[in-house]
Amino acid sequence: MAQTFVKKKNESYKESTKKKDVRTTNIEAAKAVADAVRTSLGPRGMDKMVQSANGEVLITNDGATILQKMLVQQPAAKMLVELSKSQDVVAGDGTTSVVVICGALLKKCQELLEKGVHPTVISDSFNKAATKACEVLESISIPVDLADREALLKAATTSLSSKVVSQYSNLLSPMAVDAALKVQNPANPNMLDLNDIKIVNKVGGTVDDSELIDGLVFDQKTAKAAGGPSKMEKAKIGLIQFCLSPPKTDLENNVIVSDYTQMDRVYKEERNYTVGLVKKIKASGCNVLLVQKSILRDALTDLSLHYLAKAKILVIRDIERSDIEYISKTLGCLPIAHVDNMKPEKLGLADLVEEVEVGKGRVVKVTGITNMGRTATVLLRGSNKLVLEEANRSLHDALCVLRCLVQKKFLIAGGSSPESEITYQLSTWGMESFCVRAFAEALEVVPYTLAENAGLNPIQIVTELRNLHARGEKYAGINVKKGSITNMLEENVVQPMLVTSSAITLATETVRMILKIDDIVPTR
């Protein structure tokens, strides 16, 4: 006789209330953070005005910047801030999408938990789904050649389209592409070091006045206090890290001078010491001097400036320690730590060094550099500080997109088409798994939010997208400018594969981490 199993009433998986509460609190907090940046997703996304305690105001729609400035107390919500930071490091773009995707996945987790699915099961299924999603991305990606400038321009323009300065994308995109190609080292083709691109901000004028400079720009003025030159042709540039001022004792010592002859001797010694330094510098043939900022004592005194002006040497003071490597790479000169090392072979050569007026301030331009290193300098202009900072962030995002393409040479369509394709592919692949379907549905938050932010009917758009993808139109995406669904490749809306693949992988990792937490233990 076959045994009949009677299912007891409370046999499905039940958690203790405390664990459930901790998990719910964590998920709710993380969802709140995701909802805060959701409205700033996509080209029609809204901007956020961030006000800090000291009254400083910042306008941006860059997810990483908004979350970094937010005061987040809850530990699980802090994980979302870290998530956008890591997306910023890996890809540089897609910082808003990664948080929005994470929020949507957490919402689905909550629904699954309420149905009694065990957290570990959800976690493992999400991991499989994320791996499958990356495979789908690879199947729909288009290989790109870095010599193809058009493809790079399209990717940079797409990145800039959602920024405050999107109307200047036809100027900033070519600038970003040219700068990236300029610093790209053929010896190391899979690497693009963004430290080799220096962005100098100058208030005044409009973003249209920004330019990519063939040479070097210093934000500092020349030191003209003693009547030194402010223009130098056929420049021989020395980058020094020692001080042109009389030496100090190591400890705070007082020297008591009792009569005038002794005082004169002190001054005379100081003068002789300074003259000796200047003569050695002049003897090396150097006529432009870049002096590193010094903390312990003055790098330059009025006396040394006076003698340098007499020797017709142009002086730029207060060079930051962090810029030394960049400057020596650009000019092909070596930093000099002691005056005895001032040798002609350690100097950089340039045709012209001159101080020019830019907006309200002045900058020093170095052009015609002999055997210039692989670096680029961008001079950004803007009517006020807010616009300038946002232009700087946007340009950085565009450069990061190009860096992604250098690392992984694949492009995918934009406009939420990859997310829709993943949703469709996953739903056909894992119908038997409840959790995989939930993962697939969660990714629909991207097209939904894009449509919502553009003022379209999200439900209608997402349904239409599903239909088109099921018919095999894998590049169909939302065209927010026309308010309809079009082929994204024809519209030139493309983005690097790395941006989306890292967003999905990182978001899934964070969700799995939050799911696995069942208790918060405070420590003293």
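1. Contacts of Ser173. In this predicted model, Ser173 touches Leu153, Ala156, Thr157 and Leu160, leaving aside neighbours within four places in sequence. Ser173 sits in helix H7, which covers residues 169–183. Is Ser173 buried or exposed? Its relative accessible area is 1%. The cut-off for buried is under 20%, so Ser173 counts as buried.

2. Overall dimensions. The chain carries 16 helices and 17 strands. Its radius of gyration is 30 Å, well over the 24 Å that the globule rule gives for 524 residues, so the chain is more spread out than a compact globule. Along the principal axes, the C-alpha atoms fill a box of roughly 120 × 60 × 40 Å.

3. Burial, contacts and surface. Of the 524 residues, 50% count as buried. Take the contacts between residues at least 6 apart in sequence: 78% of them join residues at least 24 apart. The chain exposes about 26200 Å². Carbon and sulfur atoms supply 52% of that area.

4. Charge. There are 66 positive and 62 negative side chains. How far apart do the centres of the two sets lie? They lie 2 Å apart.

5. Strand E8. This strand spans residues 288–292. Five of its five residues are buried, so E8 is largely enclosed by the rest of the structure. In a regular strand, side chains alternate between the two faces of the sheet. Both faces of E8 are covered. Val288, Leu290 and Gln292 lie on one side, with Leu289 and Val291 on the other. Note that Gln292 is among the buried residues.

6. Partners of E8. Strands of a sheet pair through backbone hydrogen bonds, either parallel or antiparallel. E7 and E8 run parallel and are joined by four bridges. Ile240 stands opposite Val291 in this pairing. E8 also pairs with E9, again in the parallel sense and over four bridges. Here Val288 stands opposite Leu314 of E9.

7. Asp318 in E9. Most residues other than glycine have a negative phi. Asp318 has a positive one, near 60°. The residue belongs to strand E9, residues 314–319. How accessible is Asp318? Its relative accessibility is 36%, and Asp318 counts as partly exposed. This is a backbone angle to look at in the model.

8. Asn371. This is another residue other than glycine with a positive phi, about 25°. Asn371 lies in the loop between strand E12 (361–369) and strand E13 (376–382). Its relative accessible area is 65%. The cut-off for exposed is over 50%, so Asn371 counts as exposed.

9. Pro247. The loop between strand E7 (231–240) and helix H8 (260–283) holds Pro247. At 54% relative accessibility, Pro247 is exposed. Which residues does Pro247 touch, not counting those up to four places away in sequence? They are Tyr273 and Arg297. Pro247 and Glu270 are 23 residues apart in sequence, with 8.8 Å between their C-alpha atoms.

10. Helix H14. Residues 445–453 form this helix, and seven of the nine are buried. The buried set is Val445, Val446, Pro447, Thr449, Leu450, Ala451 and Asn453. What do these residues pack against? Their helix partners are H1 (17–38), H4 (95–114), H12 (417–429), H13 (434–442) and H15 (458–470). Strand E15 (476–479) is also a partner. Just after H14 comes Gly455, with a positive phi of about 75°.

11. A three-strand sheet. E3, E14 and E17 form an open sheet in the order E3-E14-E17, with antiparallel pairing. Which strands are at the edges? They are E3 (142–143) and E17 (494–496), each pairing on one side only. E14 covers residues 410–413, and two bridges join E3 to E14. In that pairing, Ile142 has Leu411 as its bridge partner.

Methods:
Residues numbered from 1 in each chain as written. Predicted model: local features only at pLDDT ≥ 70, side-chain atom pairs only at ≥ 80, totals over all residues. Heavy atoms only, no water. Rg over C-alpha atoms; globule rule 2.2 N^0.38 Å. Buried < 20%, exposed > 50% of the residue type's maximum accessible area, 1.4 Å probe, protein only. Contact = heavy atoms within 4.5 Å. Areas by Shrake-Rupley, 256 points an atom, 1.4 Å probe, with all protein chains shown as cover. Lys, Arg positive; Asp, Glu negative; His and termini not counted. Charge placed at Lys NZ, Arg CZ, Asp CG, Glu CD. Pairing = 2+ DSSP bridges.
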